[in-house]
Amino acid sequence: MELRLVGTGSILTSALSACALVNDRILVDVPNGAVKTLRRQGVEPGSLDACLITHFHADHYFDVVFLLLELGLRRVRDEDFLLAGPRGLEERVDTLFRLAYPESWDKVRKNSRVKFHEWTDHGGEITSGGHTVRAVPVAHTATPAFGYLVGDGDATTGFSGDSELCDGVETIMRACSTAVLDASFIERRAGHMGVSDLVDLARRFPDVRVLATHVSDEVRGGDWPGVQVPDDGDRYSV
């Protein structure tokens with residue numbers, strides 16, 4: 001499995017907001033600027049199979065309009081495109097697109113072959129493009145919120161999304177070999193883990209590679225035992 005950390009920053013940093021790509025096919029979150037960043041990193045947005053939304057804060061899904069434009073404005077896809085996220089996803093995307101490009105939405109929706117999948121509050125599991133995707137409920141200020149486990153038959157990568165340390169994060173850690181975890185601050189705050197939580201998780205799960213994302217500048221500038229802090233565009237073999 002190939003993992004690309006497309007973006008690694010929290011909101012008030014120069015880095016792109018947190019966004020990841022599995023095997024150049026499964027996108028986890030699509031923050032503002034993500035589609036152009038994919039192009040700069042050599043990824044053709046139209047080649048994606050799916051996008052997984054963790055929760056409905058703007059820095060995690062507001063570029064969905066531009067992603068769907070890539071998929072369906074000037075082309076007609078041969079295969080369905082999975083767009084999965086919390087309940088209310090389809091309605092929110094419909095609203096965003098009608099605010100942004102109301103004259104194009106019907107065409108783009110048809111040509112992109114977007115298929116919405118809304119998780120129950122307990123999460124769930126689905127397959128897409130040879131990948132298994134499991135949604136795991138996590139604790140964040142926006143509810144519902146989900147982390148994800150993405151597997152391709154050879155390896156599994158976990159993503160916390162924005163989350164406090166909670167049972168969902170523990171579930172993710174037990175099921176993956178690489179975990180991409182929220183480290184917005186040095187110490188935890190409401191809705192977010194601190195990098196200190198990640199250091200503790202790395203100690204308790206020594207076989208799991210821990211990668212920090214959604215990081216502030218103070219986290220990026222530190223040295224944290226057992227925790228790697230990637231830069232935008234960094235790639236890993238899982």
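**Exercise 1. Which residues does N111 contact, leaving aside its neighbours within four places in sequence?**

Solution. 
- Step 1. Leave aside the neighbours of N111 within four places in sequence; N111 is then in contact with L71, G72, R75, V76 and R77. Contact means heavy atoms within 4.5 Å.
- Step 2. Helices (H or I, at least four residues) and strands (E, at least two) are DSSP runs, numbered from the N terminus.
- Step 3. N111 has a relative accessible area of 13%. Buried means under 20% relative accessible area, exposed over 50%, and partly exposed in between (1.4 Å probe, protein chains only). N111 is therefore buried.

A note on the model. It is predicted, with local features needing pLDDT of at least 70 and side-chain atom pairs counting only at pLDDT 80 or more, while totals for chains, interfaces and linings use all residues. Residues are numbered from 1 along each chain as its sequence is written, and side-chain values use heavy atoms, with hydrogens and water left out.

**Exercise 2. Describe how helix α3 meets helix α4.**

Solution. 
- Step 1. Two packed helices are described by the angle between their axes and the distance between the axes.
- Step 2. Take α3 (residues 64-72) and α4 (residues 89-100): their axes come within 9 Å and cross at roughly 80 degrees. Axes are lines fitted to C-alpha atoms, for helices over the stretch in contact, and angles run from 0 to 180 degrees between N-to-C directions.
- Step 3. So α3 is roughly perpendicular to α4. Angles of 65 to 115 degrees count as roughly perpendicular, under 35 as roughly parallel, over 145 as roughly antiparallel, and the rest as oblique.
- Step 4. From α3, V64, V65, L68 and L69 make the contact; from α4, V93, L96, F97 and A100 do.

**Exercise 3. How many residues of α3 are buried?**

Solution. 
- Step 1. Eight of the nine residues of α3 are buried.
- Step 2. Among them are L67, L68 and E70.
- Step 3. Look at the largest nonpolar core, which has 31 residues. A nonpolar core is a set of buried Ala, Val, Leu, Ile, Met, Phe, Trp, Tyr and Cys residues joined through side-chain atoms within 4.5 Å.
- Step 4. L27, V30, L67, L68, F81 and L83 touch the most other members of this core. Its largest share, six residues, comes from α3.

**Exercise 4. Is S128 buried or exposed?**

Solution. 
- Step 1. S128 is found in strand β7 (residues 124-128).
- Step 2. Its relative accessibility is 9%, so S128 counts as buried.
- Step 3. Not counting residues up to four places away in sequence, S128 touches I26, D49, A50 and L82.
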